[in-house]
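Please work through each task before reading its solution.

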Amino acid sequence: MDLDMITRQCPYADLQLNFHEVGQRSAFPTIILIHGTGGNTDKHFSYIFPMLGIHQRVLSIDLHTPNKADLKVTDFSQQVEALIQHAVAKDEIITVVGYSLGAVIAAQVAASLKQRVARLILLAGWAKTSSVQQLRTVIWQQLFTEQSAALPHFVNYCLYSDDYLSARSEQQVLDLARFVKPSQDAAKQRELNYRIDITSALSDICAETLVVACREDRMVPVAQAKLLFASISNSRYIEISSGHALYVEAPAEVVQLVNQFSQHPEQYPVNQKIQPYMP
Amino acid sequence: MQAKGQRSKILIVGSGFGGLGMAIRLKQQGIHDFKIIERAAEVGGTWRDNTYPGVACDVPSHLYSFSFIKNPDWSRVFPHGAEIQRYLIQCCDQENIRPHIDFHTQLEKASWNARERIWEIHTSKGLYQAEILITATGHLADEHLPQIPGLEEFEGQVMHSARWNHELNLENQHIVVVGSGASAIQLVPEIAKTAKSLTVLQRSAPYILPRPDRAYSESEKQLFRKDPDSISALRHSLFWGNEYNFAQRRNLKSQIERVKKNCLQFLKHQISDPELQRKLTPNYQPGCKRLLLSNDYYPTFLKPNVTLEDSALAEVTKDGVLSQAGNKFSADIIVFATGFEAARPPYAAKVVGKQGLSLEQQWSSGMQGYQSTTVHNFPNLFILNGPNTGSGQNSALYFLETQFDLILDALQFFEQEQIQVFEADQSAENSYMQELQQLSQGSVWLSESCKSWYLDPVSRQLTLVWPDYAHSFRDKNQHFIRSGYHYQYVESRQQKLV
């Protein structure tokens, strides 16, 4: 089986949403991937998406950011629900995997589609934005408005762990700035990030859930992920060694966690903290 | 009447990383009734035998060591062979394994005696008997010497990289190295330092990346000693860094292109001559063969005494070699850096199962096993480094340690259930292999341009390498799968399928 990916479109309201597909339907659940703030499939899942396709069918959506004030989580979660409706057969078991803002959206989808979502994996996600996260968003917005040259460096400082950055020379760290291209869509998503609160939806989730926190995450500290763990009934919690950019710092480990949990959730005892295997 | 030999519950063949590690783990579990036979005079396997100039490991030292005997004192990121060998001797002595080892004892034939339910192991030192046989002879134990016309006419000296003759003086000699794989790229820069002339015969160019090697500072070593968790964290990060590279083996185009670009940039950075660049540019996809790491291989070809012949060896004459391109090179010494008998391990001819067939006969169309560790028709046999346990991207020790856990799990189960004989179920084995062959479809190893030693020479199937992430080998095989075996019990002696 090769890893050829195809891009398709899904109708949503009066739009056509882009989504990508890889892998074949198998004995394992079909995986739906939801990217994070300012991202898309290529940016956040360029490694994770195709590699998950080795063992099962995987769909990854490129979210559309509506041009309106007061965005809500449901403005995005409804896009994912439309994708499921459009591209997933009724008898197909589903695992929804979201990263960062995508994890918030994934939790909302699992709460809304209780009967459809069998497994839920929340990567570096959170339930209610804290004052520290709000402070970071305020700094980001100000730097963005000023078109400050410091913005890409600030983003990278927040995105990566100390271990990741300190393994590089000063110049290499500064060069990372060229990968940061803040957009208007990202700015609008950050307005939403400032006031996320999905705590009331969490009790509606009945999917088998794995909460993955990044130990050195400066954007979503582990305490935030622990709140998800505490509030979702059938959940497990694991911490991995990474900054927020787990798609750069720990992509192979994420592939393992998603594969293992999606395929065999029973091997993770429910409502417990899981110790990562040390080779 | 049955011949009497030295009897033990378990007999292990070999005392490299596999045999030694297995012995240590057995002792840790309170199992002391085992014997090791070792053909040489010392433990160490590959690292005892490979002493060629420049020999080193291409897996970082903190990952290329047992998880149950971590070593804070590794001198550098990539250890030299001698340091690994010292580590193995230290492990052996620290865990008091030496009294279990019979050195200078060569396996001649091991046969399953179904009536007595015992392995009879004939060796150069006499007969041994054991309830359970564990082969731990490694992937890289027996050197591969190609059949070359005229070799017997050669008047100079010949040696294989794995059997280095340290009494041979290489200074001011005309030397030909055959091969350009992992051993060659380590020994070529060393030989070039003193040879009068050095010619490298290259069948196909390897992909090479910079070797991020350096010595560990005293303070780093102090931290490893004071805080063993820091070693675990380092191992963890090295392991997952290697796992990432599986995407190249799996033929993920973006990753292939990335690594190809990095390799070719490195080549251009080190070699500016376009003709030499052309010769050193591989003609296959990266990942098909192991990616090599070296900072000094390419620059060696800039030396006036070194020649790269991008053509394989065709013939040996009495005073030199002839390449397939028809070029002649004089030689006082020929070094074969031509690798090992990996796809068809020589031990397979010596292990005979219940049907009177050897493993080699049973594997005539390619190695296969269940859980990569056991084989139907071969009761009470565990094979360390068995079929599909090689890794294109990660440490071989990770696979070995998984097999240790599988075997310990099995032994505990046999003890509990009073099982005297186990044998892999043939259909379970076939399903396991079918799954692996399915996983290997689409991998770079099976791509058209790939002529890799990972493939079986007859079936062209992937029988040596694990075709997935290393961690998935552990997910699948860390436990002995009870339902995949037939058993005979101590009391009832009735065969039944659990």
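**Exercise 1.** Determine how helix α1 (residues 17-28) of chain B and helix α3 (residues 81-94) of chain B pack.

*Solution.* Step 1: in this predicted model, the two helices pack at an angle of about 25 degrees, and their axes are 10 Å apart. Step 2: angles under 35 degrees count as roughly parallel, so α1(B) is roughly parallel to α3(B). Step 3: the crossing of α1(B) and α3(B) is left-handed. Step 4: α1(B) contributes F17(B), L20(B) and I24(B) to the contact, while α3(B) contributes I84(B), Y87(B), L88(B), C91(B) and C92(B). Step 5: sorted by class, this contact has eight nonpolar residues, no polar and no charged ones.

**Exercise 2.** State how many residues of helix α4 (residues 182-192) of chain B are buried, and draw a conclusion.

*Solution.* Step 1: residues under 20% relative accessible area count as buried. Step 2: the buried residues of α4(B) include S183(B), I185(B), L187(B) and V188(B). Step 3: nine of the 11 residues are buried, so α4(B) is largely enclosed by the rest of the structure.

**Exercise 3.** Q147(A) has a positive phi although it is not glycine, and so does Q371(B). Locate each residue and decide whether Q147(A) is buried or exposed, and likewise Q371(B).

*Solution.* Step 1: Q147(A), with phi near 50 degrees, lies in the loop between α5 (131-145) and α6 (150-159) of chain A. Step 2: the relative accessible area of Q147(A) is 71%, so this residue is exposed. Step 3: Q371(B), with phi near 55 degrees, lies in the loop between α11 (359-362) and β18 (381-383) of chain B. Step 4: Q371(B) has 0% relative accessibility and therefore counts as buried.

Technical notes: Residues numbered from 1 in each chain as written. Chains lettered and ligands numbered in written order. Predicted model: local features only at pLDDT ≥ 70, side-chain atom pairs only at ≥ 80, totals over all residues. Heavy atoms only, no water. Axes fitted to C-alpha atoms, helices over the stretch in contact; angles between N-to-C directions. Helix = DSSP H or I, 4+ residues; strand = E, 2+ residues; numbered from the N terminus. Parallel < 35°, antiparallel > 145°, perpendicular 65-115°, else oblique. Left-handed = near helix turned anticlockwise from the far one by under 90°. Contact = heavy atoms within 4.5 Å. Nonpolar A, V, L, I, M, F, W, Y, C, P; charged D, E, K, R; others polar. Buried < 20%, exposed > 50% of the residue type's maximum accessible area, 1.4 Å probe, protein only.
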